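Have a look at the model first, and then we can walk through it together.

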Amino acid sequence: MTRAELVAFLRMHRLAVVSTLHDGAPQAAVVGIAVTDDLEIIFDTLTTSRKYNNLRADPRAALVIGWDAEQTVQYEGVADFPAGAELAACKRVYFAAWPDGPEREAWPNIGYVRVRPKWARFSDFGVVPARIEEMTLP
């Protein structure tokens with residue numbers, strides 16, 4: 001799978017499960033995502049949420065995207081909280097995927113998270129033999 005194919009697969013999906021850590025224990029949540037050309041995943045959330053505070057304390061994140069047709073991507077990366085011009089660029093990507101995003105931008109305590117990839121694994125169990133490909137990403 002090429003990077004371009006991975007970007008295309010991720011962009012076909014609007015939801016992901018994000019897993020974070022709190023005191024060594026996993027916590028998971030469903031988030032609406034947008035994907036940059038550099039395979040960064042952007043989502044918004046309340047700054048009062050567990051996931052946001054967990055990522056502030058430990059920026060390692062794991063996501064699962066897709067599950068239809070027995071195809072998924074497991075994605076691991078490092079989260080950050082862009083500001084200034086980087087935040088504006090992330091919002092453009094996010095709002096293109098989620099046109100209702102600007103409405104949430106006015107909510108109190110809304111925050112934006114960017115996850116930069118370190119590793120991804122695409123699995124397709126709908127074919128024989130199963131197709132499983134891993135990528136280590138810079």
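In this predicted model, the charged end of Arg14 sits over the ring of Trp98, at 3.5 Å from the ring's centre. Trp98 also belongs to a cluster, joined through ring pairs with Tyr94, Phe95 and Tyr112. The structure holds six aromatic pairs, and two of them are described below.

**Charges over rings**
- Besides Arg14 over Trp98, there is Arg56, whose charged end sits over the ring of Phe81, 4.0 Å from its centre.

**The pair Phe9 and Phe122**
- The ring centres of Phe9 and Phe122 are 5.3 Å apart and their planes meet at 80°, so this pair is edge-to-face.
- Distant parts of the chain are linked here: Phe9 lies in helix 1 (residues 3-11) and Phe122 in strand 7 (residues 110-124), 113 residues apart.
- Are these two residues, Phe9 and Phe122, buried or exposed? Both Phe9 and Phe122 are buried.

**The pair Tyr94 and Tyr112**
- With centres 6.4 Å apart and planes at 75°, the rings of Tyr94 and Tyr112 are edge-to-face, because planes over 60 degrees apart count that way.
- This pair also links distant parts of the chain, with Tyr94 in helix 3 (residues 84-97) and Tyr112 in strand 7, 18 residues apart.
- Tyr94 has 2% relative accessibility, so it counts as buried.
- Tyr112 is buried too, with a relative accessible area of 7%.

Note on methods
Residues are numbered from 1 along each chain as its sequence is written. This is a predicted model: local features need pLDDT of at least 70, side-chain atom pairs count only at pLDDT 80 or more; totals for chains, interfaces and linings use all residues. Side-chain values use heavy atoms; hydrogens and water are left out. Rings of Phe, Tyr and Trp (its six-membered ring) pair if their centres lie within 6.5 Å; planes under 30 degrees apart count as stacked, over 60 as edge-to-face and the rest as tilted. Helices (H or I, at least four residues) and strands (E, at least two) are DSSP runs, numbered from the N terminus. Buried means under 20% relative accessible area, exposed over 50%, partly exposed in between (1.4 Å probe, protein chains only). A charge sits over a ring if NZ of Lys or CZ of Arg is within 6 Å of the ring centre and within 35 degrees of the ring normal.
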